[in-house]
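Work through the exercises below on aromatic rings and their neighbours. Try each task before reading its solution.

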Amino acid sequence: MIRVLFIDLYKKESKNYITDSKTLDHSINLHFDYKTYEKDPFENNLTIFSVGHQKNKDNINSLIIYRSPITGSLDINLSSFGKYIRLTGNDIIVLYGKLDKKYFIIIENDNVIFLENDIPEDVYKRKEELYNTLKDIYGGKDFIILLNGLGSKFTIYGNLIIFENNKIKVTKGGTGSVLYRYHNISGLSIGGDNKIENKRLDIELIEGEKELIKNFYQSIPDKIPILNYRNIYLSEEENKKIFDDYIYPLVNNLRKEYPYEPFNMLGPFLGILNEEYIRDLIELSNRYGLDILYLGYILGTILEGIYIGKVFVRDLNKSLFDFKDLDKSSEVNYNIAKYLIQKLSYGELSLLGKDIKYISNLFDLNDIAVYIPFNNKSSTVFNPYISLGLFLPNLIYDKYFSDYLMNAMNPIEYSGFNFGKFELTYEVNNVDNNENIGLNVKREKRFSKIFEYHKLTNSIPDKNYPKRLIDIYNKIAKKYNINYTFDQYFDEYFNSYQKIIYNKAPVV
């Protein structure tokens, strides 16, 4: 049994109901009930916030289930603000329909307040402006603030910036764009004073980066992409020298600790090896509400495109995108990246707010761009690790739903292994309000429904992967002695994966 807060944005009304289901199952069913697969992502009428795996009363996963403008299909964004959904007394919050103007939505227990409020230029300033107003409304109750930035206005990869106790977290790209461009929501606050029982499930699901970032780099250097994955063309000896000479001196002397992914995407991935520059780009991207993962892939493609002479941006110097230039590339590439971020955030380079496949086709950059193509002309990117599990066909493209640290197996075995990671993440976060999880239940049709949704939206990988992604596969295959061509591995893996989805083959 779960409790749902259903907010009708057309009418600015809300209601509660209880259903005999689990959180993710009910969310998937709602997307079928409302036929969101028939609509464009920016005409989609449903975004769902759900609670998930509870580690303790202060650490509860959250999931956002929505039709993504990036993949064109159903996506599940896993984050960590589930505590605040639970404080409202609900397990799911459903946003249905479209507001007539731009509003900030305040959810306090079951009360929903619509505050007319457009998107800010600077989410940090807007958070400070809102805080005192919200503090009075919540009257001592605990709450969280989630804000859209300009990135949601002008790109398909805008996200929500989450402010919790003055710490910044982010959601997956596309979430903010859908909330702003379809629902007319500039941000939300969620909280209340309902009691949360201090339950704990002894299942550690998320392999967070718990080590210092320097230890993280030292532990998996062969799985870290540098210069838009150009390091896959280096020998092991050459890669080791790059890390010894440039990467380790940077990460060993950091004055501040950073999560690996934004640090790498706006740092070594772009040939920027200066902590001050990297920090500035991270803060700038968060200020504008841009998804750093998707943004990093686009910037990497454009910087390399400038370097090889296929992209020209007026008033900008040529980028330095070669391992021979790493000692002087930081300032040059930082200035280009900062310029591009500011211009695209204000809609002056709206082209860079579009799909990476579209951008790479326009500039003839498919030899160097890295993305997963879908039949519907959309595409997606993946977390910055060199691993088959992240770019082979998956139900959800996210490191928490797939193997991101690379296990070498034949394609049939690996399909079972990768699907097993997806299944575990799904089931552990598929809960009811008694924290019953579905690890031991029959799989029924819940996973085939997600795949059917992908088929209905024509969002199936089409195997026409760009050259560099195939080169990444070949690098992995050589390292791990995988004796399949890319096409052979893809076909056997995907055929096996689909059989597992439809429960016609055992999970290995």
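**Exercise 1.** Find the distance at which Lys-479 lies over the face of Tyr-480.

Solution. Lys-479 is 5.7 Å from the ring centre of Tyr-480. A charge sits over a ring if NZ of Lys or CZ of Arg is within 6 Å of the ring centre and within 35 degrees of the ring normal. Another case is Arg-181, whose charged end sits over the ring of Phe-42, 4.0 Å from the centre.

The model is predicted: local features need pLDDT of at least 70, side-chain atom pairs count only at pLDDT 80 or more, and totals for chains, interfaces and linings use all residues. Residues are numbered from 1 along each chain as its sequence is written, and side-chain values use heavy atoms, with hydrogens and water left out.

**Exercise 2.** Classify the ring pair of Tyr-465 and Phe-486, and state whether each residue is buried or exposed.

Solution.
1. Rings of Phe, Tyr and Trp (its six-membered ring) pair if their centres lie within 6.5 Å; planes under 30 degrees apart count as stacked, over 60 as edge-to-face and the rest as tilted.
2. Tyr-465 is buried (under 20% relative accessible area; exposed is over 50%, partly exposed in between, with a 1.4 Å probe and protein chains only), at 4%.
3. Phe-486 is buried too, at 5%.

**Exercise 3.** Which residues do ring pairs link into a cluster?

Solution. The cluster includes Phe-401, Tyr-414, Phe-417 and Tyr-497. Over the whole structure, a search finds 49 aromatic pairs. In one of them, Phe-243 and Tyr-248 have ring centres 5.6 Å apart and planes at 55°, so this pair is tilted.
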